[in-house]
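Subject: Structure handover

Hi there,

Here is the structure I promised to pass on to you. Have a look at it first, and then read on for my notes on helix packing, nonpolar cores and aromatic rings.

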Amino acid sequence: MPTAPNAAMASTSAGMRRLLLAVALGCASCVAAAESIADRALGEAFWEEMRRRGLSSRLAVPIAVASSGKLLAGTSPDAQTEDEDHNDADQSGGGKTTTGSGSATLAADVFYGRPVLRIPEAALFTPENIAAGAARPCLEGKLTETIAHKRATLGLALALAVERRVMSSSSAHFGRWLDAVFAEPPPPVLALTDRQIRAIAGTTVAELHTEISQDVALIEEVAQSCATFAAAPLTRDEAVAALGVVLRHSLAVESSKSPSPGTGLETLPVLVPMAELLAVARHPDIQLAVPLQESAVMTPSGEEKVLVQVARRDMSAGEEAPSLWPGRFSNSELALRHGERYPRNPIGIGGNITLPKNWSPNRNTPNFREYGRYNCTSPSAFEVRLSPKGWPMRSYIRCARVAYHLARGSYEAAFVDRMDLLDKWPPPKKYKVDDWLAWTQGDQTINLEIHAYCMAMKRQLKETITAAVADDFRKSTDPTDVLLWRLRSEETRTFRECVALSRSIGSVGESS
């Protein structure tokens with residue numbers, strides 16, 4: 001990604017301006033006022049540069065200079081020129097989103113295919129873009145063996161910790177956003193007590209607290225190699241606060257390699273440090289939210305890499321701004337990461353993945369090309385995810401059927417014209433296709449796999465909580481306790497319904 005322009009020079013000149021202004025005023029008490037004026041000027045210059053590099057917004061609230069709260073006139077929209085079925089987890093409830101106030105509206109009409117937001121990569125909060133890249137050396141070595149998504153998450157957290165410690169020139173650009181996100185309490189997963197950890201034992205997110213705690217420890221360890229923390233080591237509280245911001249506020253970007261828009265194939269997490277976006281609602285349903293996408297725009301200085309949020313329909317001024325996409329998370333995951341649940345979340349409870357032997361991430365294999373015709377090229381397509389009523393996601397059913405037929409030689413290219421049939425669950429009692437026996441046998445195999453997973457989770461949930469703990473949380477009025485008990489109750493109900501559904505479909509040869 002490109003770095004913010006002349007960050008080191010800007011920081012030096014900003015410090016010099018503060019000193020000269022304070023000396024000129026002749027009083028130590030004027031330093032704070034001098035710094036405020038200098039930061040404001042530096043922030044305005046940064047956002048003006050971002051506008052030249054393609055930044056635009058159709059939100060009713062203009063882009064702001066973060067440190068002062070003063071609104072930059074920004075890109076006036078008028079002045080811009082712009083080169084179902086009941087049987088799956090999609091029907092898990094309705095209602096409003098619960099994250100983001102949804103108070104952001106559109107300042108002007110936005111036509112189909114036009115950008116609502118366009119953000120240069122240089123305006124993102126990244127280790128490369130802040131503090132003249134001060135966080136980058138810390139990331140080398142310790143995190144090189146870490147998987148890409150985790151490395152990006154921890155890198156963002158460490159960059160936030162560095163920025164809050166040194167308060168570099170980037171604070172003038174992003175200060176209002178930084179103040180707002182650090183003022184929030186950490187998400188529940190970072191603040192669970194031993195008692196609360198027992199409440200999620202046996203759930204699909206039972207290991208999330210341990211995993212995140214290990215991430216905090218790794219951030220502290222990596223910070224030891226940072227010059228920023230040489231005199232005063234990074235504290236656990238600082239690491240928790242920084243990682244909490246990433247968990248709550250990072251956005252997923254829909255990859256340009258996605259086989260088709262709206263399938264949820266995402267890239268690494270990003271932080272968009274604009275305070276105005278905190279008022280935009282979020283939703284994990286990629287059909288309801290509009291994800292950021294990778295793109296490029298021509299500017300006077302050449303091609304600029306940008307992230308864009310594109311209108312999916314004609315939208316009118318005054319409408320609520322399209323929701324942002326936090327990524328592919330179930331309500332159980334979001335309860336711990338955000339402290340909230342989302343109505344109509346199509347990412348069901350579960351997460352068990354069994355990749356077919358004939359599936360490969362190699363894009364040049366014949367099977368990959370066939371899987372791509374059904375949006376089955378991501379490992380997440382083979383997750384068993386369930387709606388609260390126990391219905392598996394139709395994407396899983398479709399991909400599991402394709403995998404079965406490919407493995408047994410009963411696959412036909414004409415299956416692409418039978419999407420409705422591939423998605424249908426429970427399966428029809430009688431298939432009206434020539435190879436009805438292969439379809440029926442495939443359904444029996446898939447049903448047995450679903451039943452085995454749901455049965456195991458049902459037992460696990462029952463065996464990992466005592467009557468005393470259950471009674472304690474059932475009576476508690478503590479908001480986190482209520483959230484965790486609701487999480488556990490929803491999972492218990494989901495897997496119970498799944499077992500009942502699989503038995504109604506066919507013989508599963510197991511009792512409970």
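At what angle do helix α9 and helix α15 pack, and how far apart are their axes? Before the answer, please keep in mind that this is a predicted model. Helix α9 covers residues 331-338 and helix α15 covers residues 479-505; the angle is about 170°, and the axes are 10 Å apart. The two helices are therefore roughly antiparallel to each other, since angles over 145 degrees fall in that class. On the α9 side, the contact is made by Asn331, Ser332, Ala335 and Leu336, and on the α15 side by Leu483, Leu484, Leu487, Glu490 and Glu491. By type, the residues of this contact divide into five nonpolar, two polar and two charged.

In soluble globular proteins, nonpolar side chains tend to be buried together. The largest nonpolar core here has 70 residues, and Phe125, Leu160, Trp177 and Val272 have the most contacts inside it. Helices α9 and α15 turn up again, as each supplies at least two residues of this core.

Now to the rings. A search of the whole structure finds 12 aromatic pairs. One of these joins tryptophan 47 and phenylalanine 174: the pair is edge-to-face, with 6.2 Å from centre to centre and 70° between the planes. Are these two residues buried or exposed? Tryptophan 47 has a relative accessible area of 1% and phenylalanine 174 also comes out at 1%, so both count as buried, the cut-off being under 20%.

Tyrosine 371 and phenylalanine 382 also form an edge-to-face pair, because their ring centres are 5.9 Å apart and their planes stand at 90°. Tyrosine 371 sits in helix α10 (residues 366-372), while phenylalanine 382 is in the loop between α10 and β7 (383-386), so this pair ties together parts that are 11 residues apart in sequence. Both tyrosine 371 and phenylalanine 382 are buried.

Finally, ring pairs link Phe46, Trp47, Phe125, Phe174 and Trp177 into a cluster. Two of its members, Phe125 and Trp177, are listed among the residues with the most contacts inside the largest core.

Methods. Residues numbered from 1 in each chain as written. Predicted model: local features only at pLDDT ≥ 70, side-chain atom pairs only at ≥ 80, totals over all residues. Heavy atoms only, no water. Axes fitted to C-alpha atoms, helices over the stretch in contact; angles between N-to-C directions. Helix = DSSP H or I, 4+ residues; strand = E, 2+ residues; numbered from the N terminus. Parallel < 35°, antiparallel > 145°, perpendicular 65-115°, else oblique. Contact = heavy atoms within 4.5 Å. Nonpolar A, V, L, I, M, F, W, Y, C, P; charged D, E, K, R; others polar. Core = buried A, V, L, I, M, F, W, Y, C linked by side-chain atoms within 4.5 Å. Buried < 20%, exposed > 50% of the residue type's maximum accessible area, 1.4 Å probe, protein only. Phe/Tyr/Trp six-rings, centres within 6.5 Å; stacked < 30°, edge-to-face > 60°.
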